[in-house]
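Subject: Structure handover

Hello,

Here is the structure for you to look at. My notes follow below it.

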Amino acid sequence: MSEIDISQLINQFKRDGFVVLKRQISPAVCQEIGNTLSRAVEVISAQSSRDITNRWYLTHRTDSGVLYDVYQRFPEARKAAEVPEVTAFLKSYFNRSVYLYVNSYLYKPADKDNEVPWHQDFLNRPNETEKVLAWVSLDSATQENGCLQVIPGSHKRGFRKWFHVEGATHHDRIVLDKNEEINKVFVETEPGDIVLFSNYLIHSSAQNSSDLPRRALRFVYKALDDDALPRGSMIMIHTESEDFYTAVPLPRN
């Protein structure tokens with residue numbers, strides 16, 4: 001991807017709050033990842049034994065269609081986390097070292113409530129800096145099976161006022177301004193497409209009203225700074241040596 005392409009992507013991202021990168025991962029790799037994680041869902045749902053990886057990572061929520069920290073737990077998922085075009089975008093956008101903040105596998109089981117109301121990601125962490133999310137489509141995502149819906153430009157105002165719905169699967173929500181929803185866009189994707197969007201972008205997805213799967217990977221990237229990691233260990237995606245330099249001498253033994 002050329003520098004002018006990256007520049008155009010960043011300009012679009014800053015304007016709309018999201019961009020779509022088409023056909024970044026082959027259908028065969030998408031199928032491999034989807035098969036592995038679908039099998040994992042079956043095993044996890046059928047067993048009640050302790051998961052040793054829960055010592056370091058978040059407990060999966062198969063009741064709400066989420067497997068957490070799949071990069072660390074499932075090697076197949078790593079193939080989608082370090083796509084060259086995504087790394088090039090992140091490197092230019094943040095202009096400093098970038099690490100993988102959190103990641104997950106999202107699916108919409110037909111027998112569950114899987115509508116996701118309008119929200120912004122990480123509303124409960126207002127003091128942290130901006131994050132870029134990569135939503136990697138493993139299946140065709142359409143209006144029928146609950147593709148992403150976004151409100152272009154809604155990221156420019158930062159975090160909105162929000163409220164918490166106790167007991168709900170997707171509990172942190174916002175209230176849209178009057179008539180704001182008429183500007184929504186359905187982001188339909190094919191396997192291997194990647195949607196990059198700001199965590200400030202207002203987005204949602206509808207109930208999967210079809211018999212078709214809607215599986216995706218969600219990678220969240222962030223510039224290296226003083227924010228604490230939510231869990232696990234740091235996974236660097238891109239490094240700038242200046243970010244690791246300090247003029248203060250280290251103590252010697």
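Strands E3 and E12 (residues 215-223) run antiparallel and are joined by nine bridges. Two strands count as paired if DSSP finds at least two bridges between them. Helices (H or I, at least four residues) and strands (E, at least two) are DSSP runs, numbered from the N terminus. In this pairing, Ser104 has Arg218 of E12 as its bridge partner.

This is a predicted model: local features need pLDDT of at least 70, side-chain atom pairs count only at pLDDT 80 or more, and totals for chains, interfaces and linings use all residues. Residues are numbered from 1 along each chain as its sequence is written, and side-chain values use heavy atoms, with hydrogens and water left out.

**Strand E3 and its other partners**

E3 also pairs with strand E2 (residues 66-68), in the antiparallel sense, over three bridges. There, Tyr68 stands opposite Ser104 of E3. Another three bridges join E3 to strand E13 (residues 235-238), again antiparallel. Met236 in E13 is the bridge partner of Tyr99.

How many residues of E3 are buried? The count is 10 of the 10 in the strand (residues 98-107), so E3 is largely enclosed by the rest of the structure. Buried means under 20% relative accessible area, exposed over 50%, and partly exposed in between (1.4 Å probe, protein chains only).

Tyr99 lies in E3. Tyr99 is buried, with a relative accessible area of 1%. Leave aside its neighbours within four places in sequence, and the contacts of Tyr99 include Val220, Tyr221, Leu229, Met234, Ile235 and Ile237. Contact here means heavy atoms within 4.5 Å. Tyr99 and Val86 are 13 residues apart in sequence; C-alpha to C-alpha, they are 12 Å apart in space.

Asn103 is also in E3. Its relative accessible area is 2%, so Asn103 is buried. The side chains of Asn103 and Gln72 are joined by a polar contact of 3.1 Å. That term means a pair of N or O atoms within 3.5 Å; within protein, one must be able to donate a hydrogen and the other to accept it, and residues adjacent in sequence count only if both atoms are side-chain atoms. With neighbours within four places in sequence left aside, Asn103 touches residues including Tyr68, Asp69, Val70, Tyr71 and Phe219.

**Helix H4**

Which residues of H4 (residues 84-94) are buried? They are Val86, Thr87, Phe89, Leu90, Tyr93 and Phe94. These residues cover an arc of only 160° around the axis, which puts them on the same side of H4. The arc is that of the directions from the helix axis to the C-beta atoms. An α-helix has 3.6 residues a turn, so residues three or four places apart point the same way. Just after H4, Asn95 takes a positive phi of about 55°.

**The whole protein**

The protein has four helices and 13 strands. Its radius of gyration is 18 Å, close to the 18 Å that the globule rule gives for 253 residues, so it is as compact as a globular protein of that length. The radius is taken over C-alpha atoms, and the rule is 2.2 Å times the number of residues to the power 0.38. Of the 253 residues, 46% count as buried. Among contacts between residues at least 6 apart in sequence, 85% join residues at least 24 apart.

Best wishes
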